[in-house]
Amino acid sequence: MEEKKKKDGEGKNIKELAKGTQVWKAIFGDLLFGEFKPFSPINSLMRGIAKIMQLHPYNMSVGGKRIIMYTFCLGGLSVFFFALLSCTGAFLMIYYNPDVNKAYANVEDFRYIVPFGILIRNMHRWTAHLMVMFVSLHMLRVFLTGAYKPPRELNWIVGVILLVLTMLSSFTGYLLPWDQLAYWGVTIGCSMGENAPLLGAKGPFALLESGKDVNSILVGGAAVGQPTLLRFYLLHAIALPLGITGLMGFHFWRIRRAGGVSGPL
Amino acid sequence: MVEEQDESKEKDEVIVRMSRREWEYVKDVHITSNYKEGFETLTPKEQDYTVKHLRDSVGIEFIAGLLFTFIIMVWSLYMDAPLKELANPSDTPLDERAPWYFIGLQELLIYFDPWLAGVVIPSILLVGLIVLPFIDPNKESGVGRYSFRVRPIAVSAFCFGYAMWYILIVIGQFFRGPGRVFYWPWEDKTVVKVVPPAEMVNFHIAGGFAFFILFFGACVVVPKLIFKNLYKSLGTVRYYIFVCLMAIMLLIPIKIFLRYVFDVKYILSLQIFNTALNF
């Protein structure tokens, strides 16, 4: 058996050998990376999508050689932190209930019962701080290098929205442990919405009464309570990550359409 | 920068015409490439200009990510995330504070009414950030490098706002103790400091109006006089948007200064339809 394989493989390198196997064909098939067939409709569709989405590997201008001293990896690290937060967050979701009677006990369990629970919770917390910091530093970098100038204006605006979503993501997560720190921190944050002009109950020219104003959409009542915890949980675990992921994809796509990272060449 | 294929030279060389300034930059960046100095510079063929995106950019970022994973792991092993006692709506802590990235706004609450500090000022901040690419008149200068000299006004204006945001955060996070009272780092924050409430005064209503009219007037006129080209390059509409945003940003340190030095509570206090509008 082995001898036969050796005989077949004579004069071929490993890549060519591997391409002949069934495993290679099953994974890489000829749907995506197969031989170029100019008249195959699926192939041309895939190539069209790949071209629009800029999925092909590409070479960037040589300014990229100093990528460390130019971008300081701030944007890339923000994405990395987002990925890390998604992984650790998914782990925390297994043991967490968004219920005011259980949430605090669940978070205490991370320390005393769940294996590696405290490590994962610490990582989630500290990475969240780092991400907010790095996203804002990334904005500073983009401004200082003039990377918001044409054709990148739209990407700057998407970036500002991403900064806000990152802060909101972190803010909604702040409530979930349901301890004194979380409760009063979020109460302070939400009291801002209460004071919005026209739309807040306590703001100037208030049109809406307390419990029915713009603040109560977020809080789900007059004060922070069970509805708030559930809303913040859903925002934190579903809505905001989905929004961030979508906008991030658009952000990167625009970078590629603009010809890569802004540079002098 | 213009590239052209020169027939007389070897096939894999391209002549790149560039200005003296571009040359100074290129010379600095591409140490590894074989450049020859001169107005007409010889470079290797176009392929050598570029680096592989996955290997040389994403790869570096991936290594940075690994490094930070290590840092976060060690940090998490030695420092626990804070967890205080169970939330109790009837027990307001003395030192209630927002998460650190919103503490700048909480800091503004000391100087402004909540509707200004929590809603109007952050909204103006966001609008300012969003319109920023459209009010910057220099569409090409300074792209792709850190340059203060090319666009001094833009860089200093942005850095002023950015620094103010972080200074407010640092003060709110490290210099405030129970009751949001100012504590020096060497003072014990567990000791509740009793600060006698200061006698605060409001400007007279005429004085308040006069202050705002003079302030915004000065903000419109003074940049025109100092930076001669600013008005011409920005155009009327963009100039007024820029000046208004800058004026609002400057009002924050001015109000803080007035509060601490002259105990001014409100510069302008209005009553419109039974609603108090205090600035």
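**Exercise 1. Is the crossing of α9(A) and α4(B) left-handed or right-handed?** Work out how these two helices meet in this predicted model.

*Solution.* 
- Step 1: Find the helices. One is α9, residues 153-175 of chain A, and the other is α4, residues 114-135 of chain B.
- Step 2: Look at their axes, which come within 8 Å and cross at roughly 165 degrees.
- Step 3: Classify the angle. Angles over 145 degrees count as roughly antiparallel, and α9(A) and α4(B) are therefore roughly antiparallel to each other.
- Step 4: Decide the hand. The crossing of α9(A) and α4(B) is right-handed.

**Exercise 2. Which residues of α9(A) and α4(B) meet?** List them, then sort them by class.

*Solution.* 
- Step 1: On the α9(A) side, pick out E153(A), W156(A), I157(A), V160(A) and V164(A).
- Step 2: Facing them in α4(B) are L126(B), L129(B), I130(B), P133(B) and F134(B).
- Step 3: Sort them. This contact of α9(A) with α4(B) has 9 nonpolar residues, no polar ones and 1 charged.

**Exercise 3. At what angle do the axes of α9(A) and α10(A) cross?** Stay within chain A this time, and describe the contact too.

*Solution.* 
- Step 1: The axes of α9(A) and α10(A) come within 8 Å, crossing at roughly 135 degrees.
- Step 2: That angle makes α9(A) oblique to α10(A).
- Step 3: From α9(A), the contact uses F171(A), Y174(A) and L175(A); from α10(A), it uses A182(A), G185(A), V186(A) and G189(A).
- Step 4: By class, the contact of α9(A) with α10(A) holds 5 nonpolar and 2 polar residues, with no charged ones.

**Exercise 4. How many residues does the contact take from chain A and from chain B?** Now zoom out to the two chains.

*Solution.* 
- Step 1: Chain A gives 69 residues and chain B gives 66 residues.
- Step 2: Several elements of chain A give two or more residues to the side that touches chain B, including β1 (59-60), α6 (74-95), α9 and α10 (180-194).
- Step 3: The largest share of that side, 12 residues, comes from α8(A).
- Step 4: The side of chain A that touches chain B divides into 44 nonpolar, 18 polar and 7 charged residues.

Note on methods. Residues are numbered from 1 along each chain as its sequence is written. Chains are lettered from A and ligands numbered from 1 in the order in which they are written. This is a predicted model: local features need pLDDT of at least 70, side-chain atom pairs count only at pLDDT 80 or more; totals for chains, interfaces and linings use all residues. Axes are lines fitted to C-alpha atoms, for helices over the stretch in contact, and angles run from 0 to 180 degrees between N-to-C directions. Helices (H or I, at least four residues) and strands (E, at least two) are DSSP runs, numbered from the N terminus. Angles under 35 degrees count as roughly parallel, over 145 as roughly antiparallel, 65 to 115 as roughly perpendicular and the rest as oblique. A crossing is left-handed if the near helix is turned anticlockwise from the far one by less than a right angle, and right-handed if clockwise. Two residues are in contact if their C-beta atoms, placed from the backbone, lie within 7 Å. Ala, Val, Leu, Ile, Met, Phe, Trp, Tyr, Cys and Pro count as nonpolar, Asp, Glu, Lys and Arg as charged, and the others, Gly among them, as polar.
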